[in-house]
There are 2 protein chains.
Amino acid sequence: MAKEKKAVVDQSTEKRILDVAKKVFFTKGYAGARMQDIADEAAINKALLHYYFRSKDQLFEVIFMGAFSTFFPRIRDIIDADKPFTEKIDQFTDEYISMMMQQPFIPMFVLNEVHKNPERFFHKFIPEGKAPPIKKLAAQIAAEVKNGNIKPIDPMQLIMNLMSLCIFPFVSKPIFQAFTGISDNQLKKFMEERKTAVAAFIKAAIEV
Amino acid sequence: MAKEKKAVVDQSTEKRILDVAKKVFFTKGYAGARMQDIADEAAINKALLHYYFRSKDQLFEVIFMGAFSTFFPRIRDIIDADKPFTEKIDQFTDEYISMMMQQPFIPMFVLNEVHKNPERFFHKFIPEGKAPPIKKLAAQIAAEVKNGNIKPIDPMQLIMNLMSLCIFPFVSKPIFQAFTGISDNQLKKFMEERKTAVAAFIKAAIEV
DNA sequence: GTCTATAGTTAGATAGAC
DNA sequence: GTCTATCTAACTATAGAC
């Protein structure tokens, strides 16, 4: 019960480690990250890192779980909401792109780490029912197609399109900038416009 | 001039190394790949690896260049062709998705390695004019908008949409399968359908 | 909680025999 | 060209003092 002997002014050591670890893992990935780098940037030594998190694996686990939760946050809420699909598109693109603009490293980090180690991901999330209710969303799309609200389309293809249009720009950022030569500021504006541009694009494609 | 003393039946050692290195780098990335793994799978020892390629960096360089060339192959040809944009969409989606179905590891590999080390990429490709002529394509789109062939849209947003819809499914593959539970065979069918589905989706979104 | 010092392992790379 | 043996450096992790 008697905790925090440190001044409250600066972050606790644990919080500082987590912040730095996030930064290092996000930019270098699990395989490229070094405990020494994390210790250095947190202004401590490696021993203390292990004192707090035992191993690189366990520290990574904490960071990955956090990133994953951020990457698939309110999706469930949006999907579960009682709204027509076109309204969900607006909400989804806006919220999702906003989130990634604030944490632009998360998409590549999560996608890449899952890609490199699918088993860990599979066993961890699927059994616990943490997967977003994609089939429920597909059912709603199918229903709206049937009712003539939107053009005939394979629901899964449409969902994949929605995800692709929102997420891919953040994954391809460096190549896009290299090819087009646009600055960070221009890219920010581009992403800002994209919040509504993606929604408009999708709605134009499926409107009857 | 007097080369290949080996039987022609089996691959040359160099070719075998390259094949194995491609596989290892593609699945584990630069940081996660081990020279020992490559040597083992190629049934040689590390010394011979260095005899052929001097260093891990140089071996990686060869693999990366090859992957990158495959990732941005005939884009230039398609863009340069004298066709209306809608026809280019058909050709692009079909050819591009076909290529990635044959080499599904390439998108994540290239995107991730560039993401982790943008400088190397920047300095290598941009000055040499190897970047696809994206601005030329944007100009064509702008012209077709002006002529009333397609709906008003920011050309760069449209190009980003096209790339996103083609590439992202290959980057998100493991998560998509985990969430939906679809099999490899079903996914293959999904991608096959996607060749035309993406083109149809885009054309529906921009048709006047 | 935090440190120094170091153990134990593995990585990339080279020397030198064949 | 191919191997064994080895070097050196870097990595994760732990022991033990304070």
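I began with a term: a helix here is a DSSP run of at least four residues marked H or I, and helices are numbered from the N terminus. I also noted at the outset that the model is predicted.

**Entry 1: DNA strand D**

With that term in hand, I looked up which helix gives the most residues to the surface near DNA strand D. It is α3(B), with 4 residues. In total, 17 residues lie around DNA strand D, and Met35(A), His50(A), Ser55(A), Thr13(B) and Ala47(B) come nearest. I then listed the elements that give two or more residues to this surface: α2 (35-41), α3 and α4 (56-71) of chain A, and α3 of chain B. Sorted by class, the surface near DNA strand D has 6 nonpolar, 5 polar and 6 charged residues.

**Entry 2: DNA strand C**

I repeated the search for the other strand. DNA strand C is surrounded by 17 residues, the closest being Thr13(A), Ala47(A), Met35(B), Ala47(B) and Ser55(B). Two or more residues of this surface come from each of α3 (46-53) of chain A and α2 (35-41), α3 (46-53) and α4 (56-71) of chain B. Which element gives the most here? I found that α3(A) does, with 4 residues. The classes near DNA strand C are 6 nonpolar, 5 polar and 6 charged residues.

**Entry 3: Chain A as a whole**

The chain holds 12 helices and 0 strands, and its elements accordingly read α-α-α-α-α-α-α-α-α-α-α-α from the N terminus on. Its C-alpha trace spans about 65 × 45 × 35 Å along the principal axes. Of the 208 residues in chain A, 32% are buried.

**Entry 4: Where chain A meets chain B**

How many residues of each chain take part in the contact between chains A and B? I recorded 43 residues of chain A in contact with 43 residues of chain B. On the side of chain A, at least two residues each come from α1 (13-32), α7 (106-116), α8 (118-125), α10 (155-171), α11 (173-180) and α12 (184-206). The most come from α10(A), which gives 11 residues. By class, this side of chain A has 29 nonpolar, 9 polar and 5 charged residues.

**Entry 5: The nonpolar core**

The largest nonpolar core has 104 residues, and Leu162(A) and Leu162(B) have the most contacts inside it.

**Entry 6: Two helices of chain B**

I examined how helix α1 (residues 13-32) of chain B packs against α4(B). Their axes are 10 Å apart and meet at an angle of about 90 degrees. Angles of 65 to 115 degrees count as roughly perpendicular, so α1(B) is roughly perpendicular to α4(B). From α1(B), the residues in this contact are Leu18(B), Ala21(B), Lys22(B), Phe25(B) and Tyr30(B); from α4(B), they are Leu59(B), Phe60(B), Val62(B) and Ile63(B). The contact has 8 nonpolar, no polar and 1 charged residues.

Ala43(A) sits in the loop between α2 and α3 of chain A. Although Ala43(A) is not a glycine, its phi is positive, at about 60 degrees. Is Ala43(A) buried or exposed? Ala43(A) counts as exposed because it has 9 C-beta neighbours inside 10 Å.

Arg54(A) belongs to the loop between α3 and α4 of chain A. Arg54(A) is not a glycine either, yet has a positive phi of about 65 degrees. With 10 other C-beta atoms within 10 Å, Arg54(A) is exposed.

Pro133(A) lies in the loop between α8 and α9 (134-146) of chain A. Pro133(A) has 14 C-beta neighbours inside 10 Å and therefore counts as partly exposed. Not counting residues up to four places away in sequence, Pro133(A) touches Arg76(A) and Ile79(A). I also noted the separation between the C-alpha atoms of Pro133(A) and Thr196(A): 24 Å, for residues 63 apart along the chain.

Methods
Residues are numbered from 1 along each chain as its sequence is written. Chains are lettered from A and ligands numbered from 1 in the order in which they are written. This is a predicted model: local features need pLDDT of at least 70, side-chain atom pairs count only at pLDDT 80 or more; totals for chains, interfaces and linings use all residues. A residue is near a molecule or strand if its C-beta atom, placed from the backbone, lies within 6 Å of it. Ala, Val, Leu, Ile, Met, Phe, Trp, Tyr, Cys and Pro count as nonpolar, Asp, Glu, Lys and Arg as charged, and the others, Gly among them, as polar. Axes are lines fitted to C-alpha atoms, for helices over the stretch in contact, and angles run from 0 to 180 degrees between N-to-C directions. Angles under 35 degrees count as roughly parallel, over 145 as roughly antiparallel, 65 to 115 as roughly perpendicular and the rest as oblique. Two residues are in contact if their C-beta atoms, placed from the backbone, lie within 7 Å. A nonpolar core is a set of buried Ala, Val, Leu, Ile, Met, Phe, Trp, Tyr and Cys residues joined through C-beta atoms within 7 Å. A residue is buried if 20 or more other C-beta atoms lie within 10 Å of its own, exposed if 12 or fewer, and partly exposed in between; C-beta atoms are placed from the backbone.
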